[in-house]
Amino acid sequence: MWKTIVRRVILMIPQMFVLSLIIFVLAKQMPGDPFTGLITPETDPARIEELRIQAGYYDPWYIQYYHWVINAFQGDFGQSYTYKLAVSTLIGERALNTFWLALLSTILVYLIAIPLGMIAGRKQDTLYDKSITLYSFISYAIPTFVLGLIFLYIFGYRLMWFPTSGTVDVGVEPGTLEYYWNRLYHLILPAMTYAILATTTIIQYLRSEIIDAKTQDYVKTARSKGVPMKIIYRRHIFRNSLLPIAAFLGFTITGLLGGSIFIETIFGFPGMGQLFIHSVTSRDYSVITALVMLYGFLALLGSLLSDIIMSIVDPRIRID
Amino acid sequence: MKKNWLFLSVLFAFMLILAACNGGGGSGSEKGTETDNTEKSGETEKSGESEATNDSLLPMEVTNEGEAIQGGTLRVGLVASSPFQGIFNYELYEDAYDSDILAYMTNSIFDVDGDFLITDKGAAKLEVDTDAKTATVTLQGDYKWSDGTPVTAEDLIYPYEIIGHPDYTGVRYDDDFRNIVGAEEYHNGKADTISGITKVDDKSIKIQFKKVSPAIYYGGDGLWGYAEPKHQLESIPVKDLLASDAVRKNPVTLGAFKLDKVVNGESVQLVANEHYFKGKPKVDKVVIEVVPPTSIGEALRTGKYDLATSYPTTQFDSIKSLENISVLGRPELSYSYIGFKLGKYDTTAKVNVFDEKSKMNNVELRQAIAFATDVEGVAEKFYQGLRVRGNSLIPPVFSFYDETLEGYHYDPEKAKELLDKAGFKDVDGDGIREDKDGKKFSIRLASMAGSETDEAIVEYFRQNWKEVGLDVQLTTGRLIEFNAFYDKVQADDPEIDMFMAAWNTGTNPSPAGLYSVGAEFNFSRYVSPELTKLLAAIDSEDAMDQEKRSKAFREWQEYMSDKAMVVPTFFRTEVIPVNKRVKNYNVDYANLTELQDIELTADAPIK
């Protein structure tokens, strides 16, 4: 297995290289540049031109690309033009916010989806099952921003149970217990929104796996031996039914790190999704390139992770 | 079975909530506030209720009765759909959100009046010697920075040394700045200091300019209106300033409040500056938080904020009848316009070249288009009076604004008359006019994509023009994204005959940067000897006399209106919501409430 993993990792290098080339060239093809937005009657066009030359925008693309690659290998992805910060610092800050949101969302997704999926599968065709399916349909059909706004409206502004924007209140002292609690408190509402929307697939997978498993021979054998249904479900069916969900896990984790533009915008949460959209509209090339590279890397990593997780939970599968 | 029902009823309740919200999320807010607030009486609006019949005129001032509390925290919503950048330094910031925050701890040394002219009421006063082309800036007292260090002449010089520095990468090292004698030599590394700036004594500095114009009284011509704490910034190389804590976390400032805490991109907490030279503010703290524009209305209704830095005009409806909010308004420093392409910008010679053969070079045609555009109708239907028809290229905030100028009212008959006169006649009877030679005539309009109403407005205008027999097609067939739009307009794309855009004028109303021969932003590319003369008159030494300048401004406005190469469409009103616990608040530029005077009448914003 180790051989395969190493091979996959090595294969990532040419993949990332091609991706960087494509995104670098395409990003520069977009109309405008980071300075377009600075136009006011009081700015001096000559100064903007000077800044463009300083930033190297008039160099041929392969020279710009060459500089970028050389710097990237040294861990320097350039400066953000809009935020005036090193790209790595900027992304690092946002990625951390997104990471905590993603982590809580993932936990909530599984906390909601696994019991619901199990109930639906176990009590197939009962009222339970039907209501859970109905819930799945609704949560599948409802757009992110609609649910986000509804939650914000009800729990944030009407009931005032949760804060309505940001990641932490400005008044609390960093490092204290109150600070961490405050951060968690800010995460709950956006994470909840995300979780509810993401449960559908897992519920439906789990449901059909359990229904499938019920008719399997090992279940019949266990029943005929007199094992109570409760234990059969817990020990045998549940474990086997989780396999396809485990297969998703890698993708789920890395996918969430990409951030969600809707949730972040609605809850005023400075994360990766917002950073990406903002960098595209403001033509912040260095940030765009670095983010796309990161997303590409995460996607590749996600698929590798999924394969590894699969081989751990299901001994029948071996990747060689 | 019992369990069954419980589960189902929860699900059902959840769905009901969803349904309820979908139905009345936006408008169901008014009922609640009435009952919430009846007991909190005593608020009156000085200029509100009686004038409320006139929708387009929002009051500029509100006075709430009630005992002011000691201290308190002013809560401000920073309306932004993305995080702020957090560069708290006047030489380096570029983001409007940062400047909204900076305003609370400003390092500004000059005060300005309603026309944005520098007055003697600030920390420093300005004396200009027109003959010697010098300005003397003098501190008017023993002032202290927020850390208690005295403000000195060195602190007045230091910002110039930041902007002029070879490592400075901001936009402010510009043509204006090079007007200071010695600025270029310093920027090129040939000199260690700017030779034109000298320290007179501990409290004053003298600046030698290459030329002085009326702009200097607005802080133009290279004059810089801010001080920087040299004792704090000196040790940090200019190229490292942007990333330094002195700029991002603990700036030493001069204004009413000082920065206490920052959550990057999200919120800041400021505390009263006890050293503030106008006196310690009455409010203890200010908290400024980013709020997405989608929820600012709801946040104001539920009393999360006392003030909002801006308010989306499209959502005006949802706050205008709230009981806990006074909605103030003032004219924006901007105008929207329709421009006609009449030439090209010569990038090598850096001049605009007027092309007599250009398609739109026909005054009557341009005037006809202006007359045929139902600006008034759009202002009323789409903007609820928050925008009004613009008659001039100078917004009404300025005293140079010519209110007597007629401009172009909606008058389709007049438009038809003008077109007939100009020789645009419908030869083949399809309802669309042909040009003078009887050939098909179609105009291509470039317009920016933005809010959802933009498309509707453009389509409405196109219909207006069709009614008078003009065929107007959209460049690229649809609205154009912001960056691409300015790329095309600036590059004089041949696919553009006319375009709809807007300018923020800034506080110096001089139009030279937008309409002169050398101005790259003169997008219509119209130039004429007469125009050059009129523009020169506005910024001439003669015009240092306000009356003469005012006259020059009026002449220029009339000329622009006659030639109609750029036709103003809308003036905008800025909506400023204020919670009723804020005791007095005035947003009139001529009479702004100063930060140290803000008082609150309750412990938390009124819900």
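**Two chains, their folds and their contact**

In this predicted model, 46% of the 607 residues of chain B count as buried (a residue is buried if 20 or more other C-beta atoms, placed from the backbone, lie within 10 Å of its own, exposed if 12 or fewer, and partly exposed in between). Because the model is predicted, local features need pLDDT of at least 70 and side-chain atom pairs count only at pLDDT 80 or more, while totals for chains, interfaces and linings use all residues. Residues are numbered from 1 along each chain as its sequence is written, with chains lettered from A and ligands numbered from 1 in the order in which they are written.

The C-alpha trace of chain B spans about 90 × 75 × 45 Å along its principal axes. Of the contacts in chain B between residues at least 6 apart in sequence, 68% join residues at least 24 apart (two residues are in contact if their C-beta atoms, placed from the backbone, lie within 7 Å).

Chain A is built another way, with 13 helices and 0 strands. Its C-alpha atoms fill a box of roughly 85 × 55 × 40 Å along the principal axes, and buried residues make up 33% of its 320 residues.

Now for how some of these helices pack. Helix 1 (residues 2-29) and helix 13 (residues 285-313) of chain A meet at an angle of about 155°, with their axes 9 Å apart. Axes are lines fitted to C-alpha atoms, for helices over the stretch in contact, and angles run from 0 to 180 degrees between N-to-C directions. Helix 1 and helix 13 of chain A are therefore roughly antiparallel (angles over 145 degrees; under 35 is roughly parallel, 65 to 115 roughly perpendicular and the rest oblique). Among the residues making this contact are A:Met12 and A:Leu19 of helix 1 and A:Val292 and A:Phe297 of helix 13. By class, the contact of helix 1 with helix 13 of chain A has 15 nonpolar, 4 polar and 2 charged residues (Ala, Val, Leu, Ile, Met, Phe, Trp, Tyr, Cys and Pro count as nonpolar, Asp, Glu, Lys and Arg as charged, and the others, Gly among them, as polar).

The axes of helix 4 (residues 87-122) and helix 5 (residues 127-141) of chain A come within 8 Å and cross at roughly 135°, which makes helix 4 of chain A oblique to helix 5 of chain A.

Finally, the two chains touch. The contact takes 52 residues from chain B and 45 residues from chain A. Helix 1 of chain B gives the most to the side of chain B that touches chain A, with 7 residues. The residues on that side of chain B divide into 24 nonpolar, 18 polar and 10 charged. As for A:Leu152, found in helix 6 (residues 144-158) of chain A, this residue is buried, with 25 other C-beta atoms within 10 Å. Not counting residues up to four places away in sequence, A:Leu152 touches residues including A:Phe267 and B:Ser295.

Conventions
Helices (H or I, at least four residues) and strands (E, at least two) are DSSP runs, numbered from the N terminus.
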